[in-house]
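Subject: Structure for your attention

Dear colleague,

Please find the structure below, with the sequence. My notes on what was found in it follow directly after.

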Amino acid sequence: MLDLVGTLVFALSGGLLGTRRGLDLFGVLVLAFVTAVAGGIMRDLLIGAVPPASIATWQPLTISVAGGLLAFRFSGWLDRLRSPVLFFDAAGLGVFAVTGTQKALDYGLDPIMAAVLGMLSGIGGGMVRDVLTAQVPCVLRSEIYAVAALAGAALVAIGPRLGLSPAAVLLPGAALCVFLRMMAIYRGWSLPSARSKARAPETDIR
Amino acid sequence: MLDLVGTLVFALSGGLLGTRRGLDLFGVLVLAFVTAVAGGIMRDLLIGAVPPASIATWQPLTISVAGGLLAFRFSGWLDRLRSPVLFFDAAGLGVFAVTGTQKALDYGLDPIMAAVLGMLSGIGGGMVRDVLTAQVPCVLRSEIYAVAALAGAALVAIGPRLGLSPAAVLLPGAALCVFLRMMAIYRGWSLPSARSKARAPETDIR
Amino acid sequence: MLDLVGTLVFALSGGLLGTRRGLDLFGVLVLAFVTAVAGGIMRDLLIGAVPPASIATWQPLTISVAGGLLAFRFSGWLDRLRSPVLFFDAAGLGVFAVTGTQKALDYGLDPIMAAVLGMLSGIGGGMVRDVLTAQVPCVLRSEIYAVAALAGAALVAIGPRLGLSPAAVLLPGAALCVFLRMMAIYRGWSLPSARSKARAPETDIR
């Protein structure tokens, strides 16, 4: 169930970006679908789960198309709803990160790499979305995004080592991811960057 | 046979773009090869046909290199031949879309996703070509391109349900794709886009 | 052992580019990891070696993170060390090209395609690095880079046909790649490009 919510929210985010960039209706739908499923597809190809879950059935496609149509039709209205969209996006990130980690563990990957693949499940769709619209993936640039996904994924990967059942760590993992992401948005939490390092000396001189 | 024509035409389109962008000879050849095979490789990875057909033998490479060399040597001449090149490109799109759909069906995918993968076989090469030259894939932006591929692919995917033999739908599917694409080019058929929506009010005011 | 050196050097190159582009610390680490492993992952997916070697264990990740941290912390210092970095990058390219070719041969690919996949192992990471930072991959644009990788890879692919043991061609192959790359950098060896063709007539007129 949560997976479908994540798919819809990511499709909305891809569809909104495509609409803003002036793509035609079909381009918007393609971008919505790619954003929703690319992360999971990368993970599935890397762990050998072929055909990937998002390709094996038509539900992810249907949900993505619905999300893309909503974004195309109501883009102005959705742009004003910035806060709920950011919250849902964080929720989608958290859900994909924890379920992706769980699936990688099920396929026998060691916990560290399973957490990395869980993170990839969460951030991969957005990366492909940004590359297709010819910009540096926002996940690389600023705000805590990939780190939030990794933190949630790590909790799920470490859980079994601490004797916790998988079900017991999935929700806390997703919640941790959402919490970190919300803090980054509303409190401005961020990581150091070379640009801020470069700016520091100038500030000292004044 | 038709598959080889599609490979050659797509290699020409990649090679021409690379030449226009001032890539060196080897860059042109790489771009020609990638444009010709990326769509089929994505499809093969997603359905589990490993190693992909374009990697398993050296014919696609040879044809792509030939196409890239032609594009590099005769780029001025080919640029003037715009109409035939567009027609061959549409033919390549149609061929890849229907053969890709057929292969996905053979690997047991359901008809809807098989059509999507057929479309991907047709448009994937051009998408990678455009991403590697740092532009938004033209397939997302304008004119009917992916839709034409999807229409042809859908015909092939639905065929067996209507009791038609695969061979009976392959050519009509490719022809439908070429027809839609030609209409988009010569009659200006297109899908709605957010930009045209945005422009509409201005036009009304005048 | 050499593989680990290649991983470290490629991680440094990705980390340096990310630092220069003002990515945050985590973005730098992601870019370092992707640059170090993307080429090998593409090769492994294409030959069906799943999960790819860089994902199956955590060593490549650890080395990449170390490389990314070094690049983030000492970027000014490393920028001044241009020559050693270029040499190590060439060494990494050569190592990845020959080991990639060897692995593709082991998986039963024919020699020509094995050499192509070896080249891809060497250049793939840099291509993804450049696409993620929204620029045309430098491997497509100028200087002998992919050609050097292909030459080294070809030597390894042809070796067995000449009755040489694999071990006997690995080092000469890597050395050939490093030699060609160094000549391109210090002697300006290059391939013809359409732009230089276009410029030629002007020179003739004077």
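A residue is called buried when its relative accessible area is under 20%, exposed when that value is over 50%, and partly exposed in between. With a relative accessibility of 15%, A:Leu29 therefore counts as buried. Please note that this is a predicted model, and that the values in this message are computed from it.

A:Leu29 belongs to helix H2 of chain A. Apart from neighbours within four places in sequence, A:Leu29 is in contact with A:Val65, A:Gly68 and A:Leu69. A:Met127 stands 98 residues from A:Leu29 along the chain, and the C-alpha atoms of A:Leu29 and A:Met127 are separated by 17 Å.

The relation between the copies

Which rotation superposes chain A on chain B? A rotation of 120° does so, with 0.0 Å of shift along its axis and an RMSD of 0.0 Å. The two copies are therefore related as by a three-fold rotation axis. Within chain A, the C-alpha nearest that axis belongs to A:Ala134, at 3.5 Å from it. The copies use different surfaces, since 11% of the contact residues of chain A recur in chain B.

The interface of chain C and chain B

In this interface, 29 residues of chain C are in contact with 28 residues of chain B. The size of an interface is often given as the accessible area lost when the parts come together. For chain C and chain B, the buried area is about 2,300 Å², and carbon and sulfur atoms give 75% of it. How many salt bridges does the rule find across the interface of chain C and chain B? The rule finds zero salt bridges there.

On the side of chain C that touches chain B, the elements giving two or more residues are helix H2 (25–47), helix H7 (111–132), helix H8 (138–141), helix H9 (146–158) and helix H11 (194–205) of chain C. Among these, H7(C) gives the most, with seven residues. Sorted by class, this side of chain C has 20 nonpolar, four polar and five charged residues.

Backbone features

Two points in the backbone deserve a note. In chain A, the peptide bond from A:Val50 to A:Pro51 is cis, with omega near -5°. A:Pro51 is placed in the loop between helix H2 (25–47) and helix H3 (53–56) of chain A. In chain C, the peptide bond from C:Val50 to C:Pro51 is likewise cis, with omega near -5°, and C:Pro51 is found in the loop between H2 and helix H3 (53–56) of that chain.

The other point concerns phi. B:Ala134 is not a glycine, yet its phi is positive, at about 60°. This residue is in the loop between helix H7 (111–132) and helix H8 (138–141) of chain B. Is B:Ala134 buried, exposed or partly exposed? With a relative accessible area of 36%, B:Ala134 is partly exposed. C:Ala134 also has a positive phi of about 60° although it is not a glycine. C:Ala134 lies in the loop between H7 and H8 of chain C, and C:Ala134 is partly exposed, with a relative accessible area of 36%.

With kind regards

Technical notes. Residues numbered from 1 in each chain as written. Chains lettered and ligands numbered in written order. Predicted model: local features only at pLDDT ≥ 70, side-chain atom pairs only at ≥ 80, totals over all residues. Heavy atoms only, no water. Contact = heavy atoms within 4.5 Å. Buried area = accessible area lost by both parts, 1.4 Å probe. Salt bridge = Lys/Arg side-chain N within 4 Å of Asp/Glu carboxyl O. Helix = DSSP H or I, 4+ residues; strand = E, 2+ residues; numbered from the N terminus. Nonpolar A, V, L, I, M, F, W, Y, C, P; charged D, E, K, R; others polar. Buried < 20%, exposed > 50% of the residue type's maximum accessible area, 1.4 Å probe, protein only. Least-squares fit on C-alpha atoms with pLDDT ≥ 70 in both.
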